[in-house]
Protein chains: 2
Amino acid sequence: MTRIRATPIVSLMGNQLAHLDHVFGALSDATRRAIVMRLCEGKASVGELAKPFDMALPSLMKHIRILENSGLVASEKIGRVRMCSIEIEALETIEEWLTAQREVWAQRLDRLEIYVEKLKREEKANARKRRTR
Amino acid sequence: MTRIRATPIVSLMGNQLAHLDHVFGALSDATRRAIVMRLCEGKASVGELAKPFDMALPSLMKHIRILENSGLVASEKIGRVRMCSIEIEALETIEEWLTAQREVWAQRLDRLEIYVEKLKREEKANARKRRTR
DNA sequence: AGATTAGTTATCCATTCGGATAACTAATCT
DNA sequence: AGATTAGTTATCCGAATGGATAACTAATCT
């Protein structure tokens, strides 16, 4: 019996786990998703980002912090204005997680299919028996 | 000028927005992601789900509630045991959002490419001018 | 130099979150 | 019928979250 993978999944994922917390957490807020959406169209200063929102600047800044913290957004201060940009790769973290889940799910479907096949074979066998009874 | 879409995106997405809050929110917790992962392998009772966690049952139940609330998990009580299962379609909500973002991002890259092309053309023109000066 | 602009820091506040315990209901087993 | 099992409800608690205001710093404009 070959042990393909000795290390448990959990340790393989390592600190990625905590990271997922932050990425998903960051996107669980509509304001933050809107900011991400806006930044997908191109860089923007904190002020520009704030305009569409009926929210005090410091409140909005918090959101930006959270986004930066999650790795979804990067920013650089030039003079007195801070320019923000999306880090599109961070979205891939999520994609990866999603694909992993769907793979497990698909495998289970496969197993289920095999099981259903077995049931069908048995059913046929029974039918034959019944016919020849 | 043809108004392709009169309704603003926000209203088109409708309650989907609030839904995204819940889906992303649900997945922002490691325990909950683990539950989803487990359920991708097949249905499980609350008790089975609880086993791997060093957590009181009511605490875990809360997580299940949150997952149900987000539409990621469904459950049905038969006798005294409640069986839970993933609703894989809920993950698609996220995929959709991600693709939408990446599309906007890609479009922006296209625009940027066009811009860079323009710059290159101008550069060439200048070079020609310089050569022939 | 003085006024304006663009963020930033510090605090505060109500609400939600993630956990726990205690006490309960309703099925199932013996 | 009585004991056990599988969840459920209610309540509590400290920490985190999403918002606000006030007061501040540092660049830029006039």
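User: What follows α3(A), and is its phi positive or negative?

Analyst: α3(A) is followed by Gly42(A), whose phi is positive, near 140°. Helices (H or I, at least four residues) and strands (E, at least two) are DSSP runs, numbered from the N terminus. Please keep in mind that this is a predicted model, in which local features need pLDDT of at least 70 and side-chain atom pairs count only at pLDDT 80 or more, while totals for chains, interfaces and linings use all residues. Residues are numbered from 1 along each chain as its sequence is written, chains are lettered from A and ligands numbered from 1 in the order in which they are written, and side-chain values use heavy atoms, with hydrogens and water left out.

User: And what happens at the start of α3(A)?

Analyst: There, a side-chain oxygen of Asp29(A) comes within 2.8 Å of the backbone nitrogen of Thr31(A). That is a polar contact, meaning a pair of N or O atoms within 3.5 Å; within protein, one must be able to donate a hydrogen and the other to accept it, and residues adjacent in sequence count only if both atoms are side-chain atoms.

User: Which residues in α3(A) are buried?

Analyst: Among them are Thr31(A), Ile35(A), Val36(A) and Leu39(A), where buried means under 20% relative accessible area, exposed over 50%, and partly exposed in between (1.4 Å probe, protein chains only).

User: What does helix α3 of chain A lie across?

Analyst: Helix α3, residues 30–40 of chain A, lies across β1, β2 and β3 of chain A and runs at about 90° to β3(A). Contact means heavy atoms within 4.5 Å, and the axes are lines fitted to C-alpha atoms, for helices over the stretch in contact, with angles running from 0 to 180 degrees between N-to-C directions.

User: What order do those strands have?

Analyst: They form an open sheet of three strands with the order β1-β3-β2 in chain A and antiparallel pairing, and the edge strands, each pairing on one side only, are β1 (44–45) and β2 (73–78). Two strands pair if DSSP finds at least two bridges between them, and β2(A) and β3(A) are joined by six. Within that pairing, Lys77(A) has Arg82(A) in β3(A) as its bridge partner.

User: Switching topic: which atom of DNA strand C does the side chain of Arg82(A) approach?

Analyst: An N or O atom in the side chain of Arg82(A) is 2.8 Å from a phosphate oxygen of DNA strand C. For His63(B), the distance from a side-chain N or O atom to a phosphate oxygen is 2.6 Å, whereas Ala56(B) uses a backbone N or O atom, at 2.9 Å.

User: Which element gives the largest share of the surface near DNA strand C?

Analyst: That is α5(B), with five residues, where near means that a heavy atom of the residue lies within 4 Å.

User: Last one: is Trp97(A) buried or exposed?

Analyst: Trp97(A), which lies in helix α6 (residues 89–132) of chain A, counts as buried because its relative accessibility is 2%. Residues that Trp97(A) touches include Leu20(A), Phe24(A), Leu27(B) and Val36(B), leaving aside residues up to four places away in sequence. Leu20(A) is 77 residues from Trp97(A) along the chain, yet their C-alpha atoms are separated by 8.5 Å.
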